[in-house]
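Reader: I'm new to reading protein models. Could you walk me through this one, a few questions at a time?

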Amino acid sequence: MIGGGDSGVRYEKDGQIARVTLDRPEVLNAMNQRMHRELALVWDDIEADDDIRAAVLTGAGERAFTVGQDLRERARLDREGTPPTSFGSRGQPGSPRLTDRFDLSKPVIARVNGYALGGGFELTLACDLVVAADHAVFALPEATLGLVPGAGGAFRLARQMPLKPAMGYLLTGRRMSAAEALRFGLVNEVVPLHDLDAAVDNWTDALRRSAPLSVRALKEAVQRSLHLPLEEAFTATYAWEEKRRRSHDAVEGPRAFAEKRAPVWRGA
């Protein structure tokens with residue numbers, strides 16, 4: 001069974017949507033090694049299940065999305081002589097984690113309620129869409145703890161917002177409000193807490209209406225081409241785009257439009 005018992009992760013399939021909940025609210029959903037192992041199985045299953053169109057990642061309770069690494073566990077591992085970590089999850093439990101799982105083709109929506117600190121902020125930066133409650137707080141406090149944001153925060157923040165503000169947040173651990181995150185384009189939508197689930201559902205409903213192969217092709221093309229000159233981006237080969245253009249869905253969309261009816265997607 002994936003995501004059950006006291007693993008710290010809840011995993012449910014709600015129709016075509018996978019719902020992944022970080023479930024340690026008593027410690028603000030701090031993530032330990034057991035959770036990372038469980039999450040690796042969850043992301044594998046989401047990618048393999050063609051009935052799943054998108055995933056929603058959230059945290060249990062009313063206080064936090066997640067505050068990232070379980071520092072009490074990290075302190076214990078240090079005492080036991082476990083080598084300190086650096087950038088990426090290679091060689092660590094649950095590798096590759098979402099933050100360096102670059103081939104995950106399904107879109108992931110972060111539903112952020114409360115604190116998204118450290119690895120929690122890094123998770124949101126790795127998601128494709130982010131919907132936050134208006135009281136959400138984001139930060140990368142690693143520098144104040146003698147650490148670095150090793151799950152990609154240093155790299156993604158500097159790519160997803162202007163460099164000077166990014167350096168300010170990285171070097172000082174300064175906290176960012178949901179409104180500031182929206183202004184910098186780090187989240188897609190900020191809503192009052194009582195509207196959070198409805199806002200997430202609006203995004204998942206919209207994703208369901210899009211052709212599944214188009215969504216996967218677009219995600220791959222965007223992520224793989226960000227570093228490429230525009231001319232090279234046009235001429236690169238994208239595996240999911242090759243599947244899409246040879247698919248039933250590529251024909252079904254224009255046909256349904258011409259026939260003035262809703263398309264019936266097969267995903268193949």
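Author: First, a word we'll need: contact means heavy atoms within 4.5 Å. Helices (H or I, at least four residues) and strands (E, at least two) are DSSP runs, numbered from the N terminus. This is a predicted model, where local features need pLDDT of at least 70, side-chain atom pairs count only at pLDDT 80 or more, and totals for chains, interfaces and linings use all residues. Residues are numbered from 1 along each chain as its sequence is written, and side-chain values use heavy atoms, leaving out hydrogens and water.

Reader: Which residues in helix 5 meet helix 4?

Author: Helix 5 covers residues 163-172. On the helix 4 side, the residues are Gly 153, Ala 154, Leu 157 and Ala 158. Their partners in helix 5 are Leu 163, Ala 166, Tyr 169 and Leu 170.

Reader: How is helix 4 oriented relative to helix 5?

Author: Axes are lines fitted to C-alpha atoms, for helices over the stretch in contact, and angles run from 0 to 180 degrees between N-to-C directions. The two axes come within 8 Å and cross at roughly 150°. Angles under 35 degrees count as roughly parallel, over 145 as roughly antiparallel, 65 to 115 as roughly perpendicular and the rest as oblique. So helix 4 and helix 5 are roughly antiparallel.

Reader: And what about helix 3 and helix 4: what word describes how they lie to each other?

Author: Helix 3 spans residues 119-126 and helix 4 spans residues 153-160. They pack at an angle of about 50°, with axes 10 Å apart. That is why helix 3 and helix 4 are called oblique.

Reader: Where are the edges of the open sheet of four strands?

Author: Two strands pair if DSSP finds at least two bridges between them. The strand order in this sheet is 4-6-8-9, with mixed pairing. Pairing on one side only are the edge strands, strand 4 (64-66) and strand 9 (176-177).

Reader: What is the bridge partner of Ala 64 in strand 6?

Author: Strand 6 takes in residues 115-117, and two bridges join strand 4 to it, with the two strands running parallel. Across from Ala 64, the partner is Tyr 115.

Reader: Is Arg 216 buried or exposed?

Author: Arg 216 is found in helix 8 (residues 212-225). It touches Glu 47, Asp 50, Ser 105, Lys 106 and Trp 240, not counting residues up to four places away in sequence. Buried means under 20% relative accessible area, exposed over 50%, partly exposed in between (1.4 Å probe, protein chains only). With a relative accessible area of 7%, Arg 216 is therefore buried.
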